Amino acid sequence: MTRTLHVLNGPNLDRLGKREPEIYGRTTLAEVEAMCRAAAGADAVVFRQTNWEGQMVEWIHDAIDSDAAGLVINPAGLSFRSIPLVDALRMFPRPILELHISNIHRRDALHQHSLVSGVATAVIAGLGARGYATAIRALQDLLDDVAS
Ligand code: DHK
């Protein structure tokens with residue numbers, strides 16, 4: 001059976017490629033999506049980005065209701081303040097890979113404490129855009145472990 005992995009991206013990630021390239025690099029979100037699909041291989045990928053907290057919550061509900069096999073989420077700025085996002089993720093019954101392009105632990109105090117990390121299965125930060133492919137492969141490894 002084909003597994004479906006959801007890759008959700010939060011506020012301002014639609015600006016990747018031109019947004020603070022010294023922090024986020026020059027890879028665009030379209031290129032990130034292509035990387036995710038290539039890394040996923042036979043697994044299907046639902047790839048989404050929103051600047052709206054409520055939309056992100058709705059997409060997590062959709063991942064739950066559509067029986068998504070796993071979730072990669074870059075919550076971006078929502079990481080540090082969104083209780084609704086944390087509450088929604090707590091309902092997701094499968095592995096959650098939290099991803100940050102930058103190493104948030106080396107950044108200013110505002111960007112260091114992710115609330116999402118408290119509900120994520122694992123966290124990847126600081127690998128740049130290639131971290132998305134790493135996250136997809138890590139998610140697949142976790143799912144393969146559960147299946148075997
Ligand atoms: C992206 C953002 O937009 C910031 O709010 C986070 C994250 C870091 C990233 O590195 O992908 O702090």
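## A buried serine

At 0% relative accessibility, S79 counts as buried. Buried means under 20% relative accessible area, exposed means over 50%, and partly exposed lies in between (1.4 Å probe, protein chains only). S79 sits in the loop that links β3 (70-74) and α4 (83-90). Helices (H or I, at least four residues) and strands (E, at least two) are DSSP runs, numbered from the N terminus. Leaving out residues up to four places away in sequence, S79 touches H100, H113, S114, L115 and V116. Contact here means heavy atoms within 4.5 Å.

This is a predicted model: local features need pLDDT of at least 70, side-chain atom pairs count only at pLDDT 80 or more, and totals for chains, interfaces and linings use all residues. Residues are numbered from 1 along each chain as its sequence is written, and side-chain values use heavy atoms, with hydrogens and water left out.

## Two positive phi angles

Most residues other than glycine have a negative phi. A76 is not a glycine, yet its phi is positive, at about 50°. A76 belongs to the loop between β3 and α4. With a relative accessible area of 12%, A76 is buried.

D67 is not a glycine either, and its phi is positive, at about 60°. D67 is found in the loop between α3 (53-65) and β3.

## Helix against helix

The axes of α3 and α4 come within 9 Å and cross at roughly 0°. That makes α3 roughly parallel to α4. Angles under 35 degrees count as roughly parallel, over 145 as roughly antiparallel, 65 to 115 as roughly perpendicular and the rest as oblique. Axes are lines fitted to C-alpha atoms, for helices over the stretch in contact, and angles run from 0 to 180 degrees between N-to-C directions.

From α3, the contact uses E53, M56, V57, I60, H61 and I64; from α4, it uses P84, L85, A88 and L89.

N103 lies in the loop between β4 (96-100) and β5 (122-125). Its relative accessible area is 27%, so N103 is partly exposed. N103 and G126 are 23 residues apart in sequence, but their C-alpha atoms are 3.7 Å apart. Setting aside neighbours within four places in sequence, N103 contacts A125 and G126.

## A charge over a ring

R19 lies over the face of Y24, at 4.0 Å from the ring centre. A charge sits over a ring if NZ of Lys or CZ of Arg is within 6 Å of the ring centre and within 35 degrees of the ring normal.
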